[in-house]
Amino acid sequence: MPHRFLQSETAAGVKRVTLDRPDVLNSFHTPMAVEFLHEIRHAAESDEVRCLLITGAGRAFCAGQDLEEVHPPDGERLEDFAAHVRKVYNPIVRGIRGLQKPVVAAVNGVAAGAGASLALACDFVIASTKASFIQAFSKIGLIPDTGATFVLPRLVGTAQATAMMMLGEKVSAGRALELGMIYRVVEPDALVTEATTFAESLAQGATHALGLTKRLLNESAHNDLDAQLEIEADLQGAAGRSEDYLEGVRAFLEKRTPVFKGR
Ligand code: T3D
């Protein structure tokens with residue numbers, strides 16, 4: 001389905017979705033969010049898609065909520081942010097975390113507000129040296145959303161997360177890497193190639209098991225050890241019944257490279 005506010009193409013098992021409203025730093029208005037949710041659902045349903053890659057057009061990754069949409073200079077401002085967050089941002093986070101396929105964010109520039117949260121909800125964040133992360137919410141009297149209060153303290157600890165959220169300072173890609181917030185930093189010219197090559201290598205991997213691993217990581221955020229051991233046993237049972245496992249172990253014994261199908 002053609003979209004107006006994002007680009008989407010699938011090749012070599014990777015669906016690349018590019019947020020495409022560069023004039024407003026790819027900030028989310030409702031029509032772009034609807035298109036984005038459609039792409040996440042499609043990524044979940046399509047056997048052809050084995051990895052999702054998210055990036056931004058132009059100089060930014062995403063500047064969060066389009067503030068003109070919720071606060072038009074000559075129109076009625078949005079009153080019910082709770083309903084808006086439930087309708088737009090929560091389904092995006094649930095969609096990404098619930099997608100049983102790896103998701104890579106290629107952060108090409110600034111990621112602010114819900115845009116920063118979106119990047120951090122992904123399984124891997126590869127950032128250009130030009131990228132930065134801003135918990136911008138406090139600067140306009142809002143609170144962090146789109147999962148930031150869940151993910152960020154788990155990534156960097158409460159002290160650093162509190163500072164980022166309360167101070168709203170810009171965190172450079174290098175600092176984010178140092179803090180363990182993101183996976184890798186690359187030169188701006190190399191970002192597209194590196195992120196695509198990386199996503200393609202994930203897509204060729206045993207994606208059935210990667211999806212189950214993601215489920216386990218999600219569960220570990222709230223389980224105790226016993227519950228986690230139980231679900232590891234269950235999901236290892238599922239992995240052991242997969243075609244990918246049979247292929248992986250056969251390839252090992254035959255001393256060849258496995259050809260995984262993600263099943
Ligand atoms: O339910 C709800 O809606 C609540 C949910 C909220 C979730 C959120 O995400 S709240 C946080 C919203 N985002 C922000 O507060 C960030 C706002 N943007 C900025 O602080 C800065 O733009 C940046 C630090 C991200 C980048 O600064 P800079 O100097 O590189 O660029 P700029 O000049 O500020 O922005 C360039 C253009 O993009 C500019 O338009 P212009 O002047 O060229 O016509 C600017 O207005 C526009 N823009 C940037 N961010 C947004 C935006 N327009 C609308 N909404 C934006 N979020």
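**Exercise 1.** Are Asp66 and Arg21 buried or exposed?

*Solution.* The structure is a predicted model, and every value below is computed from it.

Step 1. Asp66 and Arg21 are joined by a salt bridge, in which the closest N and O atoms lie 3.1 Å apart.

Step 2. The partners are then placed along the chain. Asp66 belongs to the loop between β4 (60–62) and α2 (67–70), whereas Arg21 belongs to the loop between β2 (14–19) and α1 (30–45); the pair therefore ties together parts that are 45 residues apart in sequence.

Step 3. Both Asp66 and Arg21 are buried, that is, each has under 20% relative accessible area.

**Exercise 2.** Determine how the faces of strand β5 are arranged and with which strands β5 pairs.

*Solution.* 

Step 1. Strand β5 spans residues 103–107. Five of its five residues are buried, so the strand is largely enclosed by the rest of the structure.

Step 2. In a regular strand, side chains alternate between the two faces of the sheet. In β5, Val103, Ala105 and Val107 point one way, while Val104 and Ala106 point the other way. All of these residues are buried.

Step 3. Strand β3 (residues 51–56) runs parallel to β5, and four bridges join the two. Within this pairing, Ile54 stands opposite Ala105.

Step 4. β5 also pairs with strand β7 (residues 124–128), again in the parallel sense and over four bridges. Here Val107 has Ala127 of β7 as its bridge partner.

**Exercise 3.** Trace the salt-bridge network that contains Lys214, and state the accessibility of Lys214 and Asp123.

*Solution.* 

Step 1. Side chains of opposite charge can pair when their charged atoms come close. A search of the whole structure finds ten salt bridges.

Step 2. One of the salt bridges joins Lys214 to Asp123, with the closest N and O atoms 2.9 Å apart.

Step 3. This pair links distant parts of the chain, 91 residues apart: Lys214 sits in helix α9 (residues 207–220), and Asp123 sits in the loop between α4 (114–121) and β7.

Step 4. Lys214 has a relative accessible area of 4% and is therefore buried. Asp123, with a relative accessible area of 26%, is partly exposed.

Step 5. Through salt bridges that share partners, Arg97, Asp123 and Lys214 form one network.

**Exercise 4.** Classify the accessibility of the two partners in the salt bridge between Arg16 and Glu9.

*Solution.* 

Step 1. The closest N and O atoms of Arg16 and Glu9 are 3.5 Å apart.

Step 2. The relative accessible area of Arg16 is 26%, so Arg16 is partly exposed. Glu9 also counts as partly exposed, because its relative accessibility is 37%.

**Exercise 5.** Identify which residues form the negative patch and which form the nonpolar patch on the surface.

*Solution.* 

Step 1. The patch of negative charge gathers Asp224, Asp226, Glu230 and Asp234. Among them, Glu230 is found in helix α10 (residues 225–240). With a relative accessible area of 53%, Glu230 is exposed.

Step 2. The nonpolar patch consists of Tyr245, Leu246, Val249, Phe252 and Leu253, which together have about 530 Å² of accessible area.

Step 3. A patch member needs over 30% relative accessible area.

Methods
Residues numbered from 1 in each chain as written. Predicted model: local features only at pLDDT ≥ 70, side-chain atom pairs only at ≥ 80, totals over all residues. Heavy atoms only, no water. Patch = residues over 30% accessible without salt bridge, like charges linked within 9 Å, V, L, I, M, F, W, Y side chains within 5 Å. Areas by Shrake-Rupley, 256 points an atom, 1.4 Å probe, with all protein chains shown as cover. Salt bridge = Lys/Arg side-chain N within 4 Å of Asp/Glu carboxyl O. Lys, Arg positive; Asp, Glu negative; His and termini not counted. Charge placed at Lys NZ, Arg CZ, Asp CG, Glu CD. Buried < 20%, exposed > 50% of the residue type's maximum accessible area, 1.4 Å probe, protein only. Pairing = 2+ DSSP bridges.
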